[in-house]
Amino acid sequence: MKTFSERVVELALSIPKGRVTTYGAIARAAGGGAMASQSITGILGKAYRNGVKDIPWHRIVYSDGHVWMSRSTRKERLRLYKKERIVIDKKGRIENFRDILFEFR
């Protein structure tokens with residue numbers, strides 16, 4: 001049986017191009033409780049440091065469609081959003097968030 005962390009990584013890798021999901025959706029789909037969404041970034045960061053380099057970070061957003069970008073990641077994330085036709089508004093949110101939201105089954 002896979003661990004929670006292994007399920008989180010597997011779910012993150014399964015987000016389709018042109019779609020986004022939330023930290024909470026990943027946590028719930030992996031079997032986590034209400035606070036588990038706070039651990040998603042840490043779990044994926046550890047996986048990245050351990051060699052999982054193809055994590056689609058840009059496809060994981062906050063529950064209100066807000067996109068997190070640091071100075072160091074901004075240019076690359078905006079490039080990836082443009083490539084996948086994901087439009088970010090001036091407030092840093094995905095314009096058609098509900099339309100492109102990917103829910104795990």
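Here are a few friendly notes on the salt bridges in this predicted model.

1. First, the ground rules. Local features need pLDDT of at least 70 in this predicted model and side-chain atom pairs count only at pLDDT 80 or more, while totals for chains, interfaces and linings use all residues. Residues are numbered from 1 along each chain as its sequence is written, and side-chain values use heavy atoms, with hydrogens and water left out.

2. Taking a salt bridge as a side-chain nitrogen of Lys or Arg within 4 Å of a carboxyl oxygen of Asp or Glu, the count is 4. Three of them are worth a look below, including the pair Arg-59 and Glu-84.

3. Arg-59 and Glu-84 form a salt bridge, with 2.7 Å between the closest N and O atoms. Arg-59 sits in the loop between helix 3 (40-49) and strand 2 (60-61), and Glu-84 in the loop between helix 4 (71-83) and helix 5 (97-100), so this pair ties together parts 25 residues apart in sequence. Helices (H or I, at least four residues) and strands (E, at least two) are DSSP runs, numbered from the N terminus. Both Arg-59 and Glu-84 are buried (under 20% relative accessible area; exposed is over 50%, partly exposed in between; 1.4 Å probe, protein chains only).

4. Arg-93 meets Asp-64 in a salt bridge at 3.0 Å, N to O. This pair also links distant parts of the chain, 29 residues apart: Arg-93 is in the loop between helix 4 and helix 5, and Asp-64 in the loop between strand 2 and helix 4. Arg-93 is partly exposed at 31% relative accessibility, and Asp-64 is partly exposed at 40%.

5. Finally, the side chains of Lys-2 and Glu-10 form a salt bridge at 2.2 Å, N to O. Glu-10 is partly exposed, at 43% relative accessible area, and Lys-2 is partly exposed, at 43%.
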